Amino acid sequence: MRLGIDESSFEEAHAPKTKRRKMTSYNRSTRGNPEGNSILQEDPPKLSAPPNSDNDSLNSSFGTLASPPKKRKLYRNQHQLAKATQKYHSKKDTMYSDTDLSTLDQTDTPDSLSMISAINPVSDMSMQTTFSRMQKPMGRPDVTMERAVQRARGQPDGAEKSFHRMASKGVQRYPTIEEEVRESAEGGTDTSTHSNRSEGDSGKLMPPPAALHPMERKKSIRVKISRVASTAAGKLKGLKVKKNLNDSRSGLSSGKRRLEESQAVETDESKKTKLKELPFKDRRKVRKMLKNNFSMIQRSKQIWDELRRHDVKEKRRAELCTELMSMVKGNMKELAYAHDTARVLQCLVQYGTPDKKEEVFSELKDQMCMMAKSKYAKFIVKKFLVYGTKTHRNAVIKSFKGSVRKLVRHKEASDVVEFAYNEYAIASQRLSLLEEFYGPSFMLFKTPDVKSLDQMLLVQPDKRDMILSNMKEALLPLIDKEVLKHTMVHRVFFEFFVYASDKMRTDMVESLRDCVIHMMHTRDGSRVAMYCFWYGTAKDRKVIIKSFKTHVVKICKEEHGHMVMLAMIDVVDDTKIVQKAILEEMLKSLNEVATDQQGRKVLLYLLSPRDPHHFHPDIVRVLLEGDKNPHSKKEKAVRHKELLEFVSPQLLAYIVENTRQMVLDNASMLLLLAILTHAVGDPSAAMKAMAKIAAEPFVAGSLDNMHIVEHSAGHMTLKRLIQNDRDRIQAGHTVLFSQVLLETLPEGSLKSWAACNRGCFMLIFLLELDHPDITDRVITQLTGIKKALKKMTFKGAQILQQKLDALSGEYKL
């Protein structure tokens with residue numbers, strides 16, 4: 001029998017290794033060995049005899065366990081130990097003297113894969129020879145190849161874990177020969193373990209000795225160090241716990257000490273629980289006390305509480321500002337973002353001297369853009385805009401340059417930018433804030449001597465398309481409820497609609513139609529909403545009108561929002577949806593709309609659109625822009641008639657119910673006249689209601705209950721109604737207010753009117769109508785009044801006398 005194992009490889013396997021190579025961990029269950037499984041990591045195979053073997057003794061012995069190891073022999077001195085070691089090595093030399101060494105064993109162990117590839121294979125050996133070797137003392141298989149591969153590529157991952165896993169499973173480790181010799185020499189070897197093992201495990205397959213078990217190895221130095229460190233840490237912790245106990249010096253038993261330690265731990269836990277159970281304000285106070293600047297913050301808040309009072313004298317205020325400045329200097333960037341300390345800095349900016357304001361600004365000027373985004377620090381920026389110098393305001397507005405589009409979409413910063421744009425920015429600064437929406441080139445390069453987009457397009461007309469495309473790209477992300485409430489955004493949208501083509505306007509309306517209602521509270525926003533009605537399709541207009549539901553009265557009463565209602569009345573062809581969604585809701589609150597200045601304009605536009613008596617030429621000029629829209633097909637007169645027929649009955653009924661209020665109010669007088677003049681239907685009931693008020697007893701000079709004839713607004717209402725009959729006569733109306741008035745007045749009422757100046761003018765207006773029936777009735781009631789008129793000195797009596805003298809030839813007076 002010849003094996004490819006030499007003495008050097010055997011000694012290397014049994015020699016104790018003082019230093020091991022650091023091996024990477026490898027999980028054996030995750031992936032396999034790329035070069036094949038090593039025989040060092042496989043379980044020892046259970047050998048069986050080959051079939052048709054002639055060696056019956058071998059066949060009978062296969063499948064049984066190896067004989068149990070012998071008991072260790074104890075050596076009394078070093079001489080016996082050295083002798084036994086020499087005997088062992090001499091026996092080993094004779095055992096393997098006849099082995100045939102391969103080329104691998106004759107050379108040094110290779111250290112690289114290139115050297116491994118040059119290794120000659122070990123010669124084969126017969127199966128019978130192998131089995132015969134198993135009966136002799138256990139030899140080692142040829143593991144030189146495996147060790148060479150491992151040395152070349154390092155320990156595979158997971159070796160450390162597999163070692164601990166096998167140790168945790170309880171795999172028994174046998175000591176090497178050197179360990180047995182060392183333990184025997186020291187006299188501390190316990191042989192009971194081996195004897196018990198041999199007696200209890202007889203008849204079972206035992207693991208091979210440690211010298212031949214490749215998986216077992218000594219624990220690494222790192223593991224030993226970590227275990228020693230953990231043990232030392234545990235002891236140190238135990239000493240600290242014992243030191244904190246009150247009765248640690250007394251000689252208590254171990255059980256009692258453990259009990260007291262557990263009680264001490266429970267006491268600490270109870271303290272923590274009590275801290276958690278504190279009220280919210282107390283816990284917040286504890287957290288604040290942990291801050292570094294707690295004492296400084298508390299003192300600064302006390303100064304602020306005194307400084308913000310209005311009754312503080314100037315000298316004391318200066319002292320407080322000086323003390324406060326010395327405390328917060330160098331920490332302003334940290335204090336500006338807290339809700340309490342931010343107020344301290346605000347007070348310092350408001351009441352501090354110009355030098356102190358400059359110190360605060362110099363420390364915070366690099367943080368203006370970030371402070372504008374803060375929930376609390378943004379108020380410091382606003383304070384600089386209000387109480388700072390002109391230099392501070394310009395620096396704050398300049399700090400926004402390059403970030404306006406982001407700041408406008410920010411929840412907190414948008415308020416600061418809006419405040420600066422509306423209240424303190426001049427024309428050039430407003431343009432600088434808006435230039436970011438025109439394109440990146442305008443943001444980087446300032447256009448000199450240009451203060452609006454109109455001037456910019458006049459100077460650079462070739463950039464019109466580029467500017468409009470950039471504006472469209474920048475405006476689409478701004479279509480949001482919270483962003484569209486800002487004036488600056490409204491201005492950008494308005495400029496886009498003014499200069500964009502009809503196609504671009506229609507596309508923008510489609511995106512903006514759901515949010516138009518959030519833009520109608522400003523001048524530019526209302527103009528944008530008007531453009532949406534003018535250039536929106538029928539579907540877009542319908543969506544916008546539906547969004548006005550529950551907000552109609554508020555829109556009618558707004559200074560700029562009512563203009564949107566006028567544009568809607570002008571261009572919407574679908575009058576049915578206007579009647580149901582807009583007019584019905586408006587008429588339900590007719591009194592609220594009619595008594596409001598802007599609401600009356602909406603009602604007047606329904607009665608007489610673009611009447612110069614009610615609407616300024618500039619408003620009419622703006623509304624004329626909608627006449628050329630490409631989406632309105634119905635005739636304007638038809639739309640106006642359909643809407644007027646819907647609201648006329650409600651308006652006439654409103655006059656009957658609120659006659660006295662409307663007659664005696666200067667503002668409502670024009671609405672009353674418009675209703676009686678242009679409403680479709682019979683106005684007799686409304687005229688009779690006003691005539692009844694005029695028929696009340698008249699006492700000249702009465703201040704307690706002033707008659708309509710002497711009232712400043714009432715007499716103008718009667719004058720306009722009487723003069724309006726001339727137009728009604730020309731229009732062919734049969735119902736005249738003058739006739740209804742004369743029919744309602746009791747006998748002798750006109751003579752009593754002649755006792756005052758305004759009453760005389762009412763009689764003159766009735767005579768100037770040149771209506772035969774009306775003139776006859778007036779002359780009949782004024783018979784015998786000429787002598788009384790001569791005695792009166794006011795202007796009305798003189799004119800009335802002249803008028804009666806001119807009619808004396810036709811009528812008997």
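Helices here are DSSP runs (H or I, at least four residues), and strands are E runs of at least two, numbered from the N terminus. Buried means under 20% relative accessible area; exposed means over 50%, and partly exposed lies in between (1.4 Å probe, protein chains only). The buried set in α44 is Gly759, Cys760, Met762, Leu763, Ile764, Phe765, Leu766 and Leu767.

This is a predicted model, in which local features need pLDDT of at least 70, side-chain atom pairs count only at pLDDT 80 or more, and totals for chains, interfaces and linings use all residues. Residues are numbered from 1 along each chain as its sequence is written, and side-chain values use heavy atoms, with hydrogens and water left out.

Now look at Trp753. Leaving out residues up to four places away in sequence, Trp753 touches Gly759, Cys760, Met762 and Leu763, among others. Its partners also include Ala694, Phe698, His707, Val709, Leu741 and Leu745. A contact means heavy atoms within 4.5 Å.

Trp753 also belongs to the largest nonpolar core, which has 183 residues. Such a core is a set of buried Ala, Val, Leu, Ile, Met, Phe, Trp, Tyr and Cys residues joined through side-chain atoms within 4.5 Å. Phe400, Phe493, Phe497, Leu512, Phe548 and Trp753 have the most contacts inside it. The core draws at least three residues from each of domain 1 (293-430) and domain 2 (681-812). Those bounds come from an automatic or database domain assignment.

Next, the charged pairs. Side chains of opposite charge can pair when their charged atoms come close. The structure holds 26 salt bridges. Each is a side-chain nitrogen of Lys or Arg within 4 Å of a carboxyl oxygen of Asp or Glu. Arg621 pairs with Asp618, with the closest N and O atoms 2.5 Å apart. Both lie in helix α36 (residues 617-624), 3 residues apart, about one turn of the helix. Asp618 is partly exposed, at 40% relative accessibility. Elsewhere, salt bridges that share partners join Arg491, Glu495, Arg523 and Asp524 into one network.

Glu482 and Lys485 meet at 3.4 Å, N to O. Glu482 is partly exposed at 46% relative accessible area, and Lys485 is partly exposed at 39%. Asp305 and Arg309 meet at 3.9 Å, N to O. Asp305 has a relative accessible area of 31%, and Arg309 has 46%.

What about the cysteines? A disulfide is a covalent bond between the sulfur atoms of two cysteines. The cut-off used here is a pair of cysteine sulfur atoms within 2.5 Å. The structure holds 0 disulfides. For Cys347, the nearest cysteine sulfur is that of Cys321, 6.8 Å away. Cys347 is buried, at 4% relative accessibility. Cys556 is also buried, at 0%.

Last, confidence. The predictor's confidence in each residue is pLDDT, from 0 to 100. Its mean over the protein is 76, and 67% of the residues reach 70 or more. Over residues 96-108 pLDDT is below 50, and this stretch has 24 contacts beyond near neighbours in sequence. Residues 1-67 stay under 50, with 119 contacts beyond four places in sequence. Where pLDDT is low, the predicted coordinates should not be read in detail.
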